[in-house]
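I am starting a notebook on a structure that is new to me. I will look things up entry by entry and write down what I find.

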Amino acid sequence: MKPLCELTRPNIWLLAPYSSARNEYAGKTARVFLDANENPYNAPFNRYPDPLQEELKEAIAGVKGVKAENIFLGNGSDEAIDLPYRCFCEPGKDNVMAIEPTYGMYRVCADINNVEYRTVLLDEHFRMNAVELLAACDEHTKLIWLCSPNNPTGNSLDREEIVKVLQGFEGLVIVDEAYSDFSRQKSFRHELSRYPNLIVLNTMSKAWGCAAIRLGMAFASKDIIALFNKVKYPYNVNQLTQQKALEVIKDKYEVEKWVTLLLQERGRLMEAFRQLPICKEVYPSDANFFLARMTDAQRIYDYLVDEGIIVRNRTRVQLCQNCLRITIGTRTENSELLGALRQYQ
């Protein structure tokens with residue numbers, strides 16, 4: 001890995017971050033708050049939230065097995081996806097690499113930040129080749145995006161191939177593990193000390209059932225987290241989100257129950273799809289969804305919409321022609337989907 005100061009945009013490295021009112025007295029006890037132009041009424045919502053979410057980070061650290069100093073919290077994973085572009089990529093000069101197909105937000109953020117987005121196609125089994133990926137990089141490649149389990153394909157990328165990328169790339173490797181709670185593969189967040197160029201993303205939206213509160217996580221070295229905190233907006237995670245996340249984390253056994261139920265339903269639904277005459281192939285999945293190649297994805301999708309059932313049509317995505325992506329719902333929802341498909345003509 002190149003020194004972090006060489007990877008970081010010069011203006012970001014020299015940036016003096018905004019100092020919020022809450023930062024300036026950190027570590028001291030206060031009783032009267034007359035510093036932030038807040039309304040003294042309507043407690044507790046009249047006060048700005050903790051800009052660094054320290055209580056929540058400590059709670060997440062206990063659950064995820066990562067030190068609080070190695071955690072960044074953002075407004076959904078979208079903020080954690082956007083920040084590496086803003087911190088490390090010079091617009092109009094640098095580029096990033098990604099596998100294809102994968103999560104579309106990596107490309108969207110590249111376009112917004114005027115950063116060239118390059119891709120290397122997965123093979124017909126949605127497997128990654130690290131040698132091909134590294135060969136496509138050049139001296140202006142700052143980031144490599146790897147989603148594992150991958151979206152929309154559902155499979156985990158081969159761990160040895162990810163390690164080859166981490167060891168062979170001088171820039172930063174971002175492993176998006178949004179769906180890792182549904183996978184048996186060991187999380188890369190436990191490898192931060194081994195790979196200083198590693199950033200791992202996670203979210204409260206999937207296994208934790210909290211898509212509405214918009215809380216994303218990034219795990220990385222203390223120095224990378226410090227850069228993210230320097231660039232982020234001062235109060236990027238609101239108080240309501242912090243409170244709800246703390247409540248959910250205290251009930252982690254309920255989340256484990258949800259995951260168990262979803263994995264059971266995933267197996268049942270995938271097997272049922274294999275028996276459908278209109279399904280040509282069901283691909284392996286380590287996520288709370290799976291990809292199925294159908295006889296006519298667009299026609300089947302339109303039929304399901306008319307039946308009030310919404311899945312994701314991925315037929316226009318590379319390597320996913322005639323594929324539908326099916327999110328695992330409740331047993332009742334899944335049975336309703338199967339019932340509709342069995343009557344499809």
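**Entry on backbone angles**

In which loop is Asn-42 found? I located Asn-42 in the loop between helix H3 (21–24) and helix H4 (54–64), and I note at the outset that the model I am reading is a predicted one. I looked up its backbone and found that Asn-42 has a positive phi of about 75 degrees although it is not a glycine. I wrote this down because most residues other than glycine have a negative phi. Asn-42 is exposed, its relative accessible area being 57%.

I then turned to Asn-322, another residue other than glycine with a positive phi, here near 65 degrees. Asn-322 sits in the loop between strand S10 (312–313) and strand S11 (323–327), and with a relative accessible area of 22% it is partly exposed.

**Entry on peptide bonds**

**Entry on salt bridges**

How many salt bridges does the structure hold? I noted 19 of them, and I followed several in detail.

For Arg-9 and Glu-90, I found the closest N and O atoms of the salt bridge to be 4.0 Å apart. Arg-9 lies in the loop between helix H1 (4–7) and helix H2 (10–13), while Glu-90 lies in the loop between helix H5 (76–88) and strand S2 (95–100), so the pair ties together parts that are 81 residues apart in sequence.

Arg-47 and Glu-38 form a salt bridge through their side chains, with 2.6 Å from N to O. In this pair Arg-47 is partly exposed, with a relative accessible area of 27%, and Glu-38 counts as buried at 15%.

In the salt bridge between Asp-138 and Arg-118, I noted 3.1 Å from N to O. Asp-138 is in the loop between helix H7 (130–135) and strand S4 (141–147) and Arg-118 is in strand S3 (residues 116–121), so this pair ties together parts that are 20 residues apart in sequence. Asp-138 is partly exposed at 29% relative accessibility, and Arg-118 is partly exposed at 22%.

I also came across a network of salt bridges that links Arg-159, Lys-186, Glu-191 and Arg-194.

**Entry on helix packing**

At what angle do helix H12 (residues 297–306) and helix H13 (residues 331–342) pack? I noted an angle of about 120 degrees, with the axes 11 Å apart, and the two helices are therefore oblique to each other. Their crossing is right-handed. On the H12 side the contact is made by Ile-300, Tyr-303 and Leu-304, and on the H13 side by Leu-337, Ala-340 and Leu-341. By class, I counted six nonpolar residues in this contact, with no polar and no charged ones.

I next looked at H5 and H9, whose axes come within 10 Å and cross at roughly 90 degrees. These helices are therefore roughly perpendicular to each other. From H5, the residues Leu-83, Pro-84, Arg-86, Cys-87 and Phe-88 meet Ile-224, Leu-227, Phe-228 and Val-231 of H9. The contact divides into eight nonpolar residues, no polar residue and one charged residue.

**Entry on Ser-221**

Which residues does Ser-221 touch, not counting those up to four places away in sequence? I found contacts with Asn-70 and Pro-196. Ser-221 itself lies in the loop between strand S7 (215–219) and helix H9 (222–231). I also compared its place with that of Ile-71: the two residues are 150 residues apart in sequence, and their C-alpha atoms are 8.5 Å apart in space.

Conventions: Residues are numbered from 1 along each chain as its sequence is written. This is a predicted model: local features need pLDDT of at least 70, side-chain atom pairs count only at pLDDT 80 or more; totals for chains, interfaces and linings use all residues. Side-chain values use heavy atoms; hydrogens and water are left out. Axes are lines fitted to C-alpha atoms, for helices over the stretch in contact, and angles run from 0 to 180 degrees between N-to-C directions. Helices (H or I, at least four residues) and strands (E, at least two) are DSSP runs, numbered from the N terminus. Angles under 35 degrees count as roughly parallel, over 145 as roughly antiparallel, 65 to 115 as roughly perpendicular and the rest as oblique. A crossing is left-handed if the near helix is turned anticlockwise from the far one by less than a right angle, and right-handed if clockwise. Contact means heavy atoms within 4.5 Å. Ala, Val, Leu, Ile, Met, Phe, Trp, Tyr, Cys and Pro count as nonpolar, Asp, Glu, Lys and Arg as charged, and the others, Gly among them, as polar. Buried means under 20% relative accessible area, exposed over 50%, partly exposed in between (1.4 Å probe, protein chains only).
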